[in-house]
Protein chains: 2
Amino acid sequence: MENIPISKLGKYGLIDHLSEGFSPVNKTTINGIGNDASVIDSGDKYTLVSTDLLLEGIHFNLVYFPLKHLGYKSVIRGISDIYAMNGTPGQILIALGISSRFSADQVDEIYEGIKLACNKYGVDLAGGDITSSLTGLTISVTSVGYAEKDNLVKRDGARPNDLICVTGDLGASYMGLQLLERERLIFEKDKGIQPDLAGNDYVIGRQLKPEFPVAVLSDLKEAGIRPGSMIDITDGLASDLMQICKASGTGCRIFNKQIPIDYETSRLAEEFNIDPLIPAMNGGDDFELLFTVPLEMYEKVKEITSVKIIGHITEKGSGNYLVGDEGTEVEITAQGWSREK
Amino acid sequence: MENIPISKLGKYGLIDHLSEGFSPVNKTTINGIGNDASVIDSGDKYTLVSTDLLLEGIHFNLVYFPLKHLGYKSVIRGISDIYAMNGTPGQILIALGISSRFSADQVDEIYEGIKLACNKYGVDLAGGDITSSLTGLTISVTSVGYAEKDNLVKRDGARPNDLICVTGDLGASYMGLQLLERERLIFEKDKGIQPDLAGNDYVIGRQLKPEFPVAVLSDLKEAGIRPGSMIDITDGLASDLMQICKASGTGCRIFNKQIPIDYETSRLAEEFNIDPLIPAMNGGDDFELLFTVPLEMYEKVKEITSVKIIGHITEKGSGNYLVGDEGTEVEITAQGWSREK
């Protein structure tokens with residue numbers, strides 16, 4: 001490959017390129033690159049393993065991100081990948097890179113948050129690594145879980161006419177981030193001014209202390225619905241939906257009126273003079289589930305209150321489109337590398 | 001905890017402190033913090049998972065560390081943790097944080113090295129993550145393997161009178177690093193001067209392209225020797241031996257004459273005016289195995305040429321000592337945080 005800047009390839013272009021030429025040699029390697037977690041055959045069940053990297057200045061800014069919340073969110077990010085494959089997280093490993101400006105009690109705060117999340121989601125902290133770093137804080141999260149072999153859900157199982165569903169609402173975390181960033185800039189110009197975050201508790205909470213919608217997975221199970229494909233919404237609905245369509249070899253149509261956006265997100269987007277669809281489509285960090293179910297499941301799936309049907313899967317080659325109010329179709333494009341969060 | 005600088009606690013003091021209050025809730029969590037890898041029960045076998053963080057400026061300097069070698073070494077570092085528990089590595093996940101100064105073909109080079117090591121050790125690249133970073137290169141390595149339940153070897157199985165064994169030779173990687181650093185400083189002062197690395201191929205190779213002594217594990221198995229405790233030597237013999245003694249509740253005596261040091265390491269240490277025992281005891285990055293076997297195995301173990309018996313385990317409370325030529329005893333101390341590599 002020529003000396004191409006990574007921004008041109010995009011995150012997933014780069015991953016695709018790098019994956020070439022790696023072909024599994026171990027029969028336990030069921031599913032490698034290209035899903036939320038790696039799938040490893042461990043006899044009766046599949047073991048799922050996932051790894052994420054959180055870097056200071058890219059994924060969080062410690063000016064407004066409390067360390068305890070950061071520890072909590074790191075765990076959510078890890079287990080989200082396991083849930084997204086219809087698995088159950090069991091263990092988490094955390095590796096920290098910390099520079100000399102951190103004291104032991106600050107590391108304690110990170111671990112307090114990790115502990116809270118582990119307790120809430122029934123996950124064990126099972127290991128990790130601590131190393132010094134030259135600059136800033138680096139958090140590497142490895143999550144381990146399992147799935148019954150019949151229950152594993154990957155990205156490649158979407159079929160034409162399947163319903164496209166999402167949980168919760170989208171774009172709030174991104175708007176929370178915009179707000180925190182705005183107040184940070186104001187504060188840095190004039191340290192006398194206190195941040196004005198009143199009335200935005202929801203979006204800020206979605207950014208600083210996200211939860212994962214675990215209950216939906218049991219609701220689906222109880223209703224006898226097994227999604228054909230699934231992914232967690234962390235890169236943004238647009239990018240994550242395109243991952244499903246690409247893996248499944250399909251197109252899609254989603255309807256902008258159906259995309260769930262919280263009132264606070266919309267109001268704040270208006271204040272920032274941006275279309276609320278932008279954070280919903282491209283914001284990311286939502287920690288919601290995006291999945292597809294066969295059309296026959298319509299009656300069942302619409303009974304689950306936290307799930308919203310936003311569109312349907314189409315034939316290969318029919319493109320990925322967002323359908324507007326008057327039937328106008330806008331092509332969905334993934335975020336570039338520069339939008340990588 | 002008060003506002004204690006991390007350098008005072010030390011790496012393992014910090015890990016011990018952070019581990020407090022985490023008690024496993026999942027019955028699949030067999031062994032958490034405090035071993036080379038986490039041990040997870042997956043039915044017939046144990047699944048082993050380990051995570052390591054490699055940070056630019058701390059673990060490698062790209063001035064002299066070729067990216068391909070860096071990819072190779074990252075894999076070695078990952079699988080080393082699995083082998084150290086007498087396991088077989090199967091999969092590796094790599095998460096990269098790359099700043100805008102990297103181009104796609106540089107990332108390619110890293111992956112070429114990863115591929116070479118994966119092929120050589122029969123490991124599959126099974127996933128990972130790529131993210132942008134503000135500064136420098138961050139590599140997070142997650143390795144997954146398995147061990148038959150009867151064959152797992154942990155750190156806590158050393159017993160008084162057990163023989164302490166090491167593979168290969170120690171300190172070479174550290175001396176290679178010293179040499180590369182010296183030449184870097186000279187080069188940075190005067191770009192006209194070419195680095196003088198002649199005659200030091202072995203130590204440089206040990207730093208830039210380490211291998212793992214896999215054959216020893218099969219030699220031990222063939223000879224019917226199952227180590228009571230084992231660890232890979234990555235932090236340095238002193239620190240890693242203390243980990244075994246601490247986990248096993250024992251003391252130890254090792255003999256400086258028995259510590260295997262390559263001629264090139266000794267010669268270079270002399271040139272740098274340092275005692276060759278220092279890199280051997282505290283250098284780290286050796287990727288050798290340190291293990292204990294019962295005294296009855298003496299005849300068998302001494303037949304394995306790549307294994308050297310360097311001392312024996314003693315009763316709890318008898319301390320950890322390095323015994324010198326005239327019987328003088330020097331207490332072994334672990335590296336501080338500042339020596340963390």
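Biologist: What should the 18 residues of helix H5 (residues 172-189) of chain B span at 1.5 Å a residue, and how far apart are its end C-alpha atoms?

Modeller: First, the conventions. This is a predicted model, in which local features need pLDDT of at least 70 and side-chain atom pairs count only at pLDDT 80 or more, whereas totals for chains, interfaces and linings use all residues. Residues are numbered from 1 along each chain as its sequence is written, and chains are lettered from A and ligands numbered from 1 in the order in which they are written. Helices (H or I, at least four residues) and strands (E, at least two) are DSSP runs, numbered from the N terminus. The expected span of a helix is 1.5 Å times one less than its number of residues. For H5(B) this gives 26 Å, and the end C-alpha atoms are 26 Å apart, so the two values agree.

Biologist: How is helix H8 (residues 237-248) of chain A placed: enclosed or open?

Modeller: H8(A) is largely enclosed by the rest of the structure, because nine of its twelve residues are buried. Among them are Leu237(A), Asp240(A), Ile244(A) and Cys245(A). Their cover includes strands E7 (163-167), E8 (229-233) and E9 (251-255) of chain A. Just after this helix, Gly249(A) takes a positive phi of about 65°.

Biologist: In what order do the strands of the six-stranded sheet in chain B lie?

Modeller: Two strands pair if DSSP finds at least two bridges between them. The order in this open sheet is E1-E2-E3-E6-E4-E5, with mixed pairing. Strand E1 (29-31) and E5 of chain B form the edges, each pairing on one side only. Strands E2 (38-41) and E3 (45-55) of chain B run antiparallel and share four bridges; Ser38(B) stands opposite Val49(B) there.

Biologist: How many residues of strand E4 (88-98) of chain B are buried, and how does E4(B) run relative to E6(B) and E5(B)?

Modeller: Eleven of its eleven residues are buried. Nine bridges join E4(B) to the antiparallel strand E6 (138-148) of chain B, with Val144(B) as the partner of Gln91(B). Eight bridges join E4(B) to the parallel strand E5 (124-132) of chain B, where Leu96(B) has Ile130(B) as its partner. With helix H4 (104-121) of chain B, E4(B) and E5(B) make a right-handed β-α-β unit; right-handed means that, with the strands pointing away from the viewer, the path from the first strand over the helix to the second runs clockwise.

Biologist: How many residues of chain A are in contact with chain B?

Modeller: The size of an interface is often given as the accessible area lost when the parts come together. Here contacts are counted instead, two residues being in contact if their C-beta atoms, placed from the backbone, lie within 7 Å. By that criterion, 69 residues of chain A contact 68 residues of chain B. The largest share of the chain A side, nine residues, comes from E5(A). By class, the chain A side has 31 nonpolar, 27 polar and eleven charged residues; Ala, Val, Leu, Ile, Met, Phe, Trp, Tyr, Cys and Pro count as nonpolar, Asp, Glu, Lys and Arg as charged, and the others, Gly among them, as polar.

Terms used:
Buried ≥ 20, exposed ≤ 12 C-beta atoms within 10 Å, placed from the backbone.
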